[in-house]
Amino acid sequence: MTSQIAPPAPAGTPSAGYRLRWAGLAVILAAEVMDLLDTTIVGVAAPAVRQDLGGSDAQIQWITASYTLAFAVLLITGGRLGDLFGRKRLFVLGATGFTVASVLCAAAPGAGTLVAARTVQGLFAALLIPQGLGLIKAMFPPKELGTAFGLFGPILGLSSVLGPTLGGYLTGADWFGLGWRAVFLINLPVGLLTVFAAGRILPADRATRTAAGAGADAGAAADARTGRIDPVGVLVLGLAVLLLVYPLVQGRELGWPLWTFLSMAASVPTAWLFTVQQRGVLRRGGTPLIEPSLFGKRAFVSALATGLVFFAALSGLMLVFTLHLQLGLGWTPLHAGLSMIPLSIGVIVGAVLSGALLAPRYGRRVLHLGMVLAAAGALGLWATVDGASGLGSWQLAPALALAGLGLGLIMAPFFDIALAGVEESETGSASGVLNAQQQLGGSMGVALLGTAFFGRARTDGFGHAAGLTYGLVAALLAAAFLIAFLLPRQARPGGEGH
């Protein structure tokens, strides 16, 4: 799930706005819904995929992790490509590729092929999703930007409710014998409609010679930059992420050989090498993928660490919950999907309360409250499932609703507060990094908590494995609670973060 983060509107935004701006916003929201559905809907279908296609526990984890990993690595580059070649063009290309990749997922003959198709899906999502922010800023006058971005919360919240439920229904209904494959084919009509509407409705924009939002300190410096994509930076960043996530997913199945630990250790100097390489690009007058100055800001680095841990906990919780209900308790996909409704409703209520009432007044303290409630909900799940037999949905509902309430309190103000520690000229680059961090955290959560769950399930049973994994979720949230003390106390006045 992505979060659009709105830097200040450019000075040249027309006061009247684009004539078809609200229809254009609907097209962009349709793309966001496709992305969110693919993030939440697949976890419910994962056990049915393994039953049909076979494959190892690690391959089941990769069905989710490969999408978010590819998305995270190419997200920042996708935004740069939109600046260089035109956002509408990249939006249409991304939506087309995403739709085709969805069909390839539905037609996959084996688990390995499905993982490959999911990777392609993530790559095209990285071209599609970043264009929405720039297009909205171009279509809407400043006085309407807040309203436009304000619609993201309810739409994405509703999608988070529908995702697991729809995934469970489509998998269990087995329309035309499609089973789990219908989960991916649902993107076909939405994707085709999005591509057609985008070509007709979205405004044409011109490619630029310099990457927007690159964070130049002065206009002359911005003009001096080439605006070319930095392929070396893309490769080094991708390598750093892969060195960390790949052994996390594969390590348990392979018996944790020495190379897995060496790989994870090597990700740290590789990430440092990336920052050095980015400074070199800046010195040569080029456009770095990420503004190096961001990594010198304690508040922003703390926001990255907080978000990485938080989104890892969130993604791991959702994956393990659906796996436990189906593999451990034998529930149908629809039953498992419906059981997640209290979590999603809690997220919506928490987000509304936080965004409208609490966050503007209490700032960082709302994040801390949300982390406490979410951790309490995770511990409540542990107490409910560990060693229990004959569980029903209603027994899980109170802890799920509490966890969802806490998660909602966190998600609404997090990005605004994270951006409070950066300069106005760095906001564009910082926004891309935060969105990529969200996806990377999701990949790491699926890898780490999925590995812990499957490792325990083989020896202690699914109930104990789920309980211990929920304990790990609470521990991650406790770590995020402590790191969050380094964040700014309040969001930047007038900031928009959705």
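1. A cavity, as the word is used in this note, is a set of grid points where a 1.4 Å probe fits but cannot get out. In this predicted model, the count comes to 1 cavity of 30 Å³ or more, and the largest cavity has a volume of about 410 Å³.

2. The largest cavity is lined by 24 residues, and those that lie nearest its centre are Thr-39, Thr-40, Leu-314, Ser-315 and Met-318. By residue type, the lining divides into 12 nonpolar and 12 polar residues, with no charged residue among them.

3. Several helices contribute to this lining: α1 (21-53), α2 (57-85), α13, α15 (341-362), α17 (393-419) and α18 (427-460) each give two or more residues. The largest share, 6 residues, comes from α13.

4. Helix α13 (residues 298-328) therefore deserves a separate look, and its length can be checked: at 1.5 Å a residue its 31 residues should span 45 Å, and the end C-alpha atoms are 43 Å apart, which agrees. Since buried means under 20% relative accessible area, and 23 of the 31 residues of α13 are buried, the helix is largely enclosed by the rest of the structure. After α13 comes Gly-330, whose phi is positive, near 75°.

5. As to confidence, the chain averages a pLDDT of 81, with 87% of the residues scoring at least 70. Over residues 3-14, however, the pLDDT is below 50, although this stretch has 41 contacts in the model beyond near neighbours in sequence. Residues 209-226 likewise stay under 50 in pLDDT, and for them the model has 42 contacts beyond four places in sequence.

Methods: Residues are numbered from 1 along each chain as its sequence is written. This is a predicted model: local features need pLDDT of at least 70, side-chain atom pairs count only at pLDDT 80 or more; totals for chains, interfaces and linings use all residues. Side-chain values use heavy atoms; hydrogens and water are left out. Helices (H or I, at least four residues) and strands (E, at least two) are DSSP runs, numbered from the N terminus. The expected span of a helix is 1.5 Å times one less than its number of residues. Buried means under 20% relative accessible area, exposed over 50%, partly exposed in between (1.4 Å probe, protein chains only). pLDDT is the predictor's confidence in each residue, from 0 to 100. Contact means heavy atoms within 4.5 Å. On a 1 Å grid over the protein atoms alone, a cavity is a set of points where a 1.4 Å probe fits but cannot get out, and a pocket is an open set with protein on both sides within 12 Å along at least five of seven lines; lining residues have an atom within 4 Å of a point. Grid points are joined across faces, edges and corners, and a volume is the space filled by probe spheres set on the points. Ala, Val, Leu, Ile, Met, Phe, Trp, Tyr, Cys and Pro count as nonpolar, Asp, Glu, Lys and Arg as charged, and the others, Gly among them, as polar.
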